Amino acid sequence: MPEFDVVSLPETDHVAEGDTAPDFTRPLVNGEYWEDRALADVVDGPTLLLFHPMDGTFQGTYLYNTVDDHGWSDDLDVLGVSISTPYAHKRLLAERGDGVRIFSDPGAGVVEEYGLAHEIDGMTGITESRPAVFLLDADRTVEYAWVASEHPEFPDAEAIGDAVADLVD
């Protein structure tokens, strides 16, 4: 098992429970194609919005394996956001993330707007997202929020599942 240094991330003013999730327009990728879509046009019911580092990182892989393991995309819309390209998202969705669609945010503008920007050590000029989970209602009100405070850190799947059950029941 590889060992990782745990690094505390700086405080951030991120989107929180009770806030309205900011709207944005980016390419939204499914397993077959992508097109520019606005978050406001896509959210029409309970939605799990997942921010993750670049596709191929173990945090992203873990997150989508967790979505698959819990079948969350059967109960609500699951949308991801990462700085990876639509091509990388298509490869990721071919392997995992059943029923998931992912927004491509290569300039990290959405990541920054949500207060999740994280500069990667040793990769000058690359900003990616710290892992984060937002459960939205049909009006984009954040009903549940989790944002990583250290690297690596993973969300509590049981807490997410409880929040999903509370919102969809």
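A polar contact is a pair of N or O atoms within 3.5 Å, one able to donate a hydrogen and the other to accept it. The legends below describe close-up views of a predicted model.

**View 1. Polar surroundings of Asp55.** The side chain of Asp55 makes a polar contact with the side chain of His89 at 2.6 Å. A further polar contact, at 3.5 Å, joins the side chain of Asp55 to that of Ser82. Asp55 sits in the loop between strand E4 (47–51) and helix H2 (58–70). Asp55 is buried but takes part in no salt bridge. With neighbours within four places in sequence left aside, the contacts of Asp55 are Ser82, Ser84, Ala88, His89 and Leu92.

**View 2. Strand E2 and its two partners.** Strand E2 (residues 25–29) runs antiparallel to strand E3 (residues 34–38), and 5 bridges join them. Thr25 has Ala38 as its bridge partner in E3.

**View 3. Salt bridge between Asp105 and Arg26.** The closest N and O atoms of Asp105 and Arg26 are 3.0 Å apart, and the pair forms a salt bridge. Asp105 belongs to the loop between E6 and helix H5 (109–113), while Arg26 belongs to strand E2; the two are 79 residues apart and link distant parts of the chain. Asp105 has a relative accessibility of 1% and therefore counts as buried. Arg26, at 27%, counts as partly exposed.

**View 4. Salt bridges Glu35–Arg37 and Glu95–Arg96.** The whole structure contains 3 salt bridges, and two of them are described in this view. Glu35 and Arg37 meet through their side chains at 3.8 Å, N to O. Glu35 is partly exposed, with a relative accessible area of 37%, and Arg37 is partly exposed at 26%. In the salt bridge of Arg96 with Glu95, the closest N and O atoms are 3.1 Å apart. Arg96 is buried at 17%, whereas Glu95 is exposed at 60%.

**View 5. Aromatic pair Phe24 and Phe103.** The count of aromatic pairs comes to 8. In the pair of Phe24 and Phe103, the ring centres are 4.8 Å apart and the planes stand at 75°, so the arrangement is edge-to-face. Phe24 lies in the loop between strand E1 (7–8) and E2, and Phe103 in strand E6, so the pair ties together parts 79 residues apart in sequence. Phe24 is buried, with a relative accessibility of 6%, and Phe103 is buried at 0%.

**View 6. Aromatic pair Phe51 and Phe134.** The centres of the Phe51 and Phe134 rings lie 5.8 Å apart with the planes at 90°, so this pair is edge-to-face. Phe51 is in strand E4 and Phe134 in strand E9 (residues 132–136), so the pair ties together parts 83 residues apart in sequence. Both residues, Phe51 and Phe134, are buried. One aromatic cluster is formed by Phe24, Phe51, Phe103, Tyr114 and Phe134.

Definitions and conventions. Residues are numbered from 1 along each chain as its sequence is written. This is a predicted model: local features need pLDDT of at least 70, side-chain atom pairs count only at pLDDT 80 or more; totals for chains, interfaces and linings use all residues. Side-chain values use heavy atoms; hydrogens and water are left out. Two strands pair if DSSP finds at least two bridges between them. Helices (H or I, at least four residues) and strands (E, at least two) are DSSP runs, numbered from the N terminus. A salt bridge is a side-chain nitrogen of Lys or Arg within 4 Å of a carboxyl oxygen of Asp or Glu. Buried means under 20% relative accessible area, exposed over 50%, partly exposed in between (1.4 Å probe, protein chains only). Lys and Arg count as positive and Asp and Glu as negative; His and the chain ends are not counted. Contact means heavy atoms within 4.5 Å. Rings of Phe, Tyr and Trp (its six-membered ring) pair if their centres lie within 6.5 Å; planes under 30 degrees apart count as stacked, over 60 as edge-to-face and the rest as tilted.
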